Amino acid sequence: MDILVRLAMEEDYDGLCELIDEVDELHRQNLPHIFQKPPGAIREREYFEGLLADAHVGIFIAEMQGELAGFAIAMIRDAPPIPILRPRRYAILDSIGVKSRWRHQGIGSRLMGEVHQWALAKGAREI
């Protein structure tokens, strides 16, 4: 099966929230003293749109058979200008998830490959 990986668009909001909720449920089950089900949207639309607009954030979507199957969110960071630190740019993998029905198909690996390429193109030297 072919895995299509692309950058997210505004129209991915509903599907991405559904998938993020599946990942969030694991957090709620395993760490209920930290995580709870939000009373409203899983992620506010404004938050999602802000991430999309940020050139230092990459939201990657994996599709299988036309269905949203996975996602990864990465962020570029620069070391703060503190004298002890050497200047460096790095990427942080904020979150990653694959829909349960599509696991063990190589989607997570493919998403990580795209994040890696994107981070290098942004000047990051490590993730």
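View 1. At 32% relative accessibility Leu31 counts as partly exposed, a class lying between buried, under 20%, and exposed, over 50% (1.4 Å probe, protein chains only). Leu31, Ile34 and Phe35 make a nonpolar surface patch of about 250 Å², patch residues having over 30% relative accessible area and no salt bridge, with nonpolar side chains joined within 5 Å; a salt bridge places a side-chain nitrogen of Lys or Arg within 4 Å of a carboxyl oxygen of Asp or Glu.

View 2. Four strands in the order 1-2-3-4 form an open sheet with antiparallel pairing, two strands being paired if DSSP finds at least two bridges between them. Strand 1 (3-7) and strand 4 (89-98) stand at the edges with a single partner strand each, so one side of each is left without a neighbour in the sheet.

**View 3. Strands 3 and 4.** Strand 3 (residues 67-78) runs antiparallel to strand 4 and is joined to it by nine bridges, and Gly70 stands opposite Val98 in strand 4.

**Notes.** Residues are numbered from 1 along each chain as its sequence is written, and side-chain values use heavy atoms, leaving out hydrogens and water. Because this is a predicted model, local features need pLDDT of at least 70 and side-chain atom pairs count only at pLDDT 80 or more, whereas totals for chains, interfaces and linings use all residues.

Technical notes
Helices (H or I, at least four residues) and strands (E, at least two) are DSSP runs, numbered from the N terminus. Patches are made of residues with over 30% relative accessible area and no salt bridge: like charges are joined within 9 Å, nonpolar side chains (Val, Leu, Ile, Met, Phe, Trp, Tyr) within 5 Å. Accessible areas come from the Shrake-Rupley method with a 1.4 Å probe; for residues, only the protein chains shown count as cover.
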